Amino acid sequence: MKITRVSTLVVHARMRNWIFVKVETDQDGLYGWGEATLEWKTKGVVGAVEDVSRLIIGEDPRRIEHLYQMMTRQYFWRAGIEGMTAMSGIEQALWDIKGKWLNVPVYELLGGRVRERIRVYNHLGGGTMEHMYETTDPDLFAERALMVKEQGYTALKFMAVPRTEPVEGMRPVRYAERLVRAVRDAVGDDVDLMVDLHARCASPAMALRYCRAFEPYGLLFFEEPCPSEDIEATAQVTRASNIPIATGERLVGRHQFREVFERRACHIIQPDLSHCGGLWEARKIAAIAEAYSMAVAPHNPNGPIATAAAIHFAAATPNWVIQEAISNDVPWRYDVVDSEHQVRDGYIAIPSRPGLGVEVNEGEAARHPWQPELVQRYFHPDGSVADW
């Protein structure tokens with residue numbers, strides 16, 4: 001068996017362009033799908049897929065580790081986020097091919113299932129851009145949190161922390177606390193809450209002010225309190241916080257995670273399977289995390305193929321705890337991709353189809369061609385640039 005073609009299919013989903021990667025073989029009807037979505041860097045990723053695919057055309061798609069080694073090591077320059085995202089999409093597609101070839105779901109190739117169902121969490125309002133990033137009123141936070149609870153979810157994540165200066169007084173902290181309190185009061189104690197800080201705190205001291213304010217509300221975890229390039233800052237927060245700290249979505253490849261593990265810089269690691277190198281690299285990261293008594297909760301605000309890959313990872317990974325899975329970013333999400341991964345009462349059932357269990361309606365996808373993503377620009381009151 002040999003790879004004959006690697007191509008991308010870009011689907012505009014408002015805030016993101018989903019980048020689907022198709023790997024075709026010389027076996028009639030045997031191909032695989034992966035996802036390499038990276039918002040605001042779509043053309044860079046599409047170009048990176050084209051660049052790296054030259055290395056694997058003509059190779060056996062079943063030799064997944066071998067091909068990953070080729071993609072990561074046979075160019076002199078090591079890949080950054082665009083290149084690693086491209087490789088991740090290709091790598092997922094290779095697993096899809098191998099599962100179809102063997103007529104088994106991918107999780108069977110990762111050691112078999114270790115659980116009976118997959119718990120997932122959603123965002124405010126199901127993940128639309130306005131609900132996730134443009135809601136600022138406590139009453140609206142409460143209303144949209146209830147929407148998620150009424151859909152059967154038992155966990156949700158939201159952004160309560162505003163644009164934050166390196167050091168500020170208590171005004172933004174009290175504002176964020178009001179939002180968290182509104183959500184907790186609305187959904188009660190039966191729903192787990194997670195707050196994403198988006199690394200908006202350049203100093204651990206400021207991040208800890210938010211931690212202290214949020215402690216009464218029993219968060220499942222507090223995500224990315226400090227910039228990922230400053231591992232020691234996150235480690236300082238982790239050591240002092242009474243809330244579990246999660247981070248890792250912007251790191252790629254197991255080597256970038258090494259310092260996080262060595263410093264025990266978090267309680268929950270969050271590799272993104274569409275960025276970190278794919279399913280097998282994520283399994284390596286999770287295995288190291290297990291040795292450091294860390295849980296794994298993969299990052300995934302991406303499209304439906306990325307969610308499919310994450311579900312197979314979750315089914316076979318012992319120290320996995322919960323999966324991010326957006327449902328309503330666009331109303332036609334499940335028209336473009338047919339899959340088994342529908343949420344019922346806050347869980348997704350263990351898949352049964354071969355491979356990743358997805359099929360892309362390429363005709364429907366063509367109705368949503370590439371467009372520039374909606375760019376959100378953030379500035380502090382004095383006009384200086386703020387972290388997104």
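Colleague: At what angle do helix H2 and helix H3 pack, and how far apart are their axes?

Modeller: In this predicted model, helix H2 (residues 64-73) packs against helix H3 (residues 81-102) at an angle of about 165 degrees. Their axes lie 10 Å apart.

Colleague: Is that roughly parallel or roughly antiparallel?

Modeller: The angle makes H2 roughly antiparallel to H3, because angles over 145 degrees fall in that class. The crossing of H2 past H3 is right-handed.

Colleague: Which residues make the contact?

Modeller: H2 contributes Ile64, Leu67, Tyr68, Met71 and Thr72. From H3 come Met84, Met87, Ile90, Glu91, Leu94, Trp95 and Lys98.

Colleague: And what is the make-up of that contact by class?

Modeller: The contact of H2 with H3 has 9 nonpolar residues, 1 polar residue and 2 charged residues.

Colleague: Changing topic, how many salt bridges does a search of the whole structure find?

Modeller: The search finds 22 salt bridges. One of them joins arginine 119 to aspartate 192, with the closest N and O atoms 2.8 Å apart.

Colleague: Where in the chain do arginine 119 and aspartate 192 lie?

Modeller: The pair links distant parts of the chain, 73 residues apart. Arginine 119 belongs to strand E4 (residues 117-123), and aspartate 192 to strand E6 (residues 192-196).

Colleague: Is arginine 119 buried or exposed?

Modeller: Arginine 119 counts as buried because its relative accessibility is 17%, and the cut-off for buried is under 20%. Aspartate 192 is partly exposed, with a relative accessible area of 23%.

Colleague: What about glutamate 177; which residue does it pair with in a salt bridge?

Modeller: Glutamate 177 pairs with arginine 181, and their closest N and O atoms are 3.9 Å apart. Both residues are in helix H7 (residues 171-187), and they are separated by about one helical turn because they are 4 residues apart. Glutamate 177 is buried at 13% relative accessibility, whereas arginine 181 is partly exposed at 32%.

Colleague: Next, where do arginine 250 and glutamate 224 sit?

Modeller: The side chains of arginine 250 and glutamate 224 meet in a salt bridge, at 2.7 Å from N to O. Arginine 250 is in the loop between strand E8 (245-247) and helix H10 (253-262). Glutamate 224 is in the loop between strand E7 (221-223) and helix H9 (231-240), and the two residues are 26 residues apart. Arginine 250 is partly exposed at 44% relative accessibility, while glutamate 224 is buried with a relative accessible area of 1%.

Colleague: Finally, which residues are linked in a network of salt bridges?

Modeller: Such a network links Glu232, Arg239, Glu259 and Arg263.

Conventions: Residues are numbered from 1 along each chain as its sequence is written. This is a predicted model: local features need pLDDT of at least 70, side-chain atom pairs count only at pLDDT 80 or more; totals for chains, interfaces and linings use all residues. Side-chain values use heavy atoms; hydrogens and water are left out. Axes are lines fitted to C-alpha atoms, for helices over the stretch in contact, and angles run from 0 to 180 degrees between N-to-C directions. Angles under 35 degrees count as roughly parallel, over 145 as roughly antiparallel, 65 to 115 as roughly perpendicular and the rest as oblique. A crossing is left-handed if the near helix is turned anticlockwise from the far one by less than a right angle, and right-handed if clockwise. Contact means heavy atoms within 4.5 Å. Ala, Val, Leu, Ile, Met, Phe, Trp, Tyr, Cys and Pro count as nonpolar, Asp, Glu, Lys and Arg as charged, and the others, Gly among them, as polar. A salt bridge is a side-chain nitrogen of Lys or Arg within 4 Å of a carboxyl oxygen of Asp or Glu. Buried means under 20% relative accessible area, exposed over 50%, partly exposed in between (1.4 Å probe, protein chains only).
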